[in-house]
Every structure is written in structure tokens, then in C-alpha cells.
Amino acid sequence: MAAKKYYVVWMGHETGVVDSWDECQRLTKGYKGARYKSFKSLDEAKKAFETPWSDFINPKGNGTPKTKPAFDPSYQPISNSLSVDAACSGNPGPMEYQGVHVETREQWFHASFPLGTNNIGEFLGIVHGLAELKRQNLNIPVYTDSTIAMGWIKKKKCVTKLERNRHTQKLFTLIERAENWLKENSYEQPLLKWDTESWGEIPADFGRK
């Protein structure tokens with residue numbers, strides 16, 4: 001019996017960790033520049049997903065082991081894409097998120113709330129971005145630097161521990177709208193992980209680190 005394998009998809013129609021080759025193929029087949037690799041354990045795969053793909057594979061081959069570290073000038077983000085990011089003063093605290101076009105650095109949207117968390121902002125920013133791109137019929141990628149928010153998108157659920165009260169009621173109303181949008185809509189726009197180590201801060205970053 002063949003040993004169980006887990007597959008990390010860094011770049012594909014969707015990204016994440018899957019437990020079958022068929023699912024890996026579904027996420028990557030027909031996607032130009034797909035990046036994926038198999039691992040022997042789930043823990044190993046989860047850790048790899050939080051690491052740039054260039055640490056594991058040769059950029060000239062999807063699953064080819066990387067032989068030596070090297071800077072690859074061709075490894076760049078897709079310029080015609082949307083980046084989203086959030087900022088929070090305290091956790092929880094005043095929170096905001098925005099969407100910025102990667103190439104032009106033009107702000108496409110912005111929202112702020114008196115009380116929230118960074119992860120909630122990242123989640124809402126992604127959903128806002130996907131909804132806006134679908135509304136405009138633009139099939140371009142959405143970049144985020146938040147692995148947690150990507151996981152929430154996959155679950156179609158904002159898994160926050162923030163208390164719901166009169167101060168956060170407006171925020172939770174928006175969260176519910178975002179969750180319902182994910183459940184009721186499909187989208188073709190790829191959701192991709194921004195490689196901060198290789199590319200620097202995501203364009204939608206608020207510059208407060």
C-alpha cells in the first residue's frame with residue numbers, strides 16, 4: 001500500500017494543502033505557472049505552505065526538487081492583480097483594510113471600523129476584492145499575505161473569537177454578508193499567497209510595521 005501523501009499548492013486555481021493527487025490536479029491543471037509539491041506528513045505540508053515555494057522546488061519545474069538556493073529574477077508577482085491587506089491598532093482595536101492594484105498601486109477600495117482584529121480585516125478584504133472583481137468581470141488574481149484568512153475563505157467562515165456586542169455589531173453584520181457571499185457565489189479569480197520574503201511588503205500594506 002502506497003504511503004499517504006499531502007500536497008501543497010502555492011499557486012493554482014485555489015491554494016492550500018490537500019490530501020490527494022486528484023485534488024491537487026484539480027487545483028493546478030490548466031493553471032499557467034502552477035507551483036505544488038508533495039509531502040509525507042500533514043504537519044510538514046502545513047509548514048511548507050507558510051513558506052515560499054521557491055524554498056522547495058525549482059522554478060523551471062512544478063514538482064522538481066530544488067538543488068540549491070538561487071535568486072530567480074523571473075520570479076515576480078503577477079503585475080495585473082489585486083492585493084489586499086489589513087491593519088489594526090491593538091488586537092482588538094481600530095481596524096481597516098484596503099485593496100490596491102499591484103502594478104499601478106492605485107487604491108481600489110478601503111473600509112475602516114472602530115473595533116476589530118487584523119485577521120477579520122484580512123478576511124473581509126479578500127471577500128471585498130473577490131466580489132469587486134466579479135462585479136467588474138475582471139479575472140485577475142487576488143494576493144494576500146495572510147495564511148489564516150486564506151483558510152477562512154476556504155471554510156467560507158470567519159473563525160474569530162471577537163465578542164459580538166453593540167460596539168462590533170456593524171462589523172459582524174458585514175462578516176455575515178461576506179460569509180453568505182462566499183456560500184452563494186463562485187469565482188474564477190485565483191487567490192494567491194504574497195511572498196513577502198522575496199517581494200517585500202504587499203502593495204496594500206499600510207506601512208505601520
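## Around Pro203

Leaving out neighbours within four places in sequence, Pro203 is in contact (heavy atoms within 4.5 Å) with Ser83, Val100, Val102, Arg105 and Trp194. You'll find Pro203 in the segment after helix H6 (196-199); helices here are DSSP runs of H or I with at least four residues, strands are E runs of at least two, and both are numbered from the N terminus. Pro203 counts as buried because its relative accessibility is 15%, where buried means under 20% relative accessible area, exposed means over 50%, and partly exposed is in between (1.4 Å probe, protein chains only). Glu103 is 100 residues away from Pro203 along the chain, yet their C-alpha atoms are separated by 8.8 Å.

A quick word on the model: it is predicted, so local features need pLDDT of at least 70 and side-chain atom pairs count only at pLDDT 80 or more, while totals for chains, interfaces and linings use all residues. Residues are numbered from 1 along each chain as its sequence is written, and side-chain values use heavy atoms, with hydrogens and water left out.

## Strand S4 and its partners

Ser83, one of the contacts of Pro203, brings us to strand S4 (residues 82-88), which is mostly covered, with 6 of its 7 residues buried. S4 pairs with strand S5 (residues 93-101) in the antiparallel sense over 7 bridges; strands count as paired if DSSP finds at least two bridges between them. Here Cys88 stands opposite Met95 in S5. The hairpin of S4 and S5 has 4 residues between the strands, and Gly90 takes a positive phi near 95 degrees in it.

S4 also runs parallel to strand S7 (residues 142-144), joined to it by 2 bridges. In this pairing, Ser83 stands opposite Tyr143.

## The nonpolar core

The largest nonpolar core has 55 residues, and Trp10, Tyr97, Ile120, Phe123, Leu124 and Leu171 have the most contacts inside it. Such a core is a set of buried Ala, Val, Leu, Ile, Met, Phe, Trp, Tyr and Cys residues joined through side-chain atoms within 4.5 Å. Helix H3 (residues 118-136) supplies the largest share, 7 residues. Tyr97 touches, among others beyond four places in sequence, Phe109, Phe113, Leu124, Leu174 and Phe206.

## Gln189, tucked in a loop

Gln189 sits in the loop between helix H5 (169-184) and strand S8 (191-193). Gln189 counts as buried because its relative accessibility is 6%. Its contacts beyond four places in sequence include Leu130, Leu133 and Ile140. A polar atom of the Gln189 side chain lies 2.8 Å from the backbone oxygen of Leu138.

Note on methods:
Polar contact = N/O pair within 3.5 Å; in protein donor to acceptor, adjacent residues only side chain to side chain.
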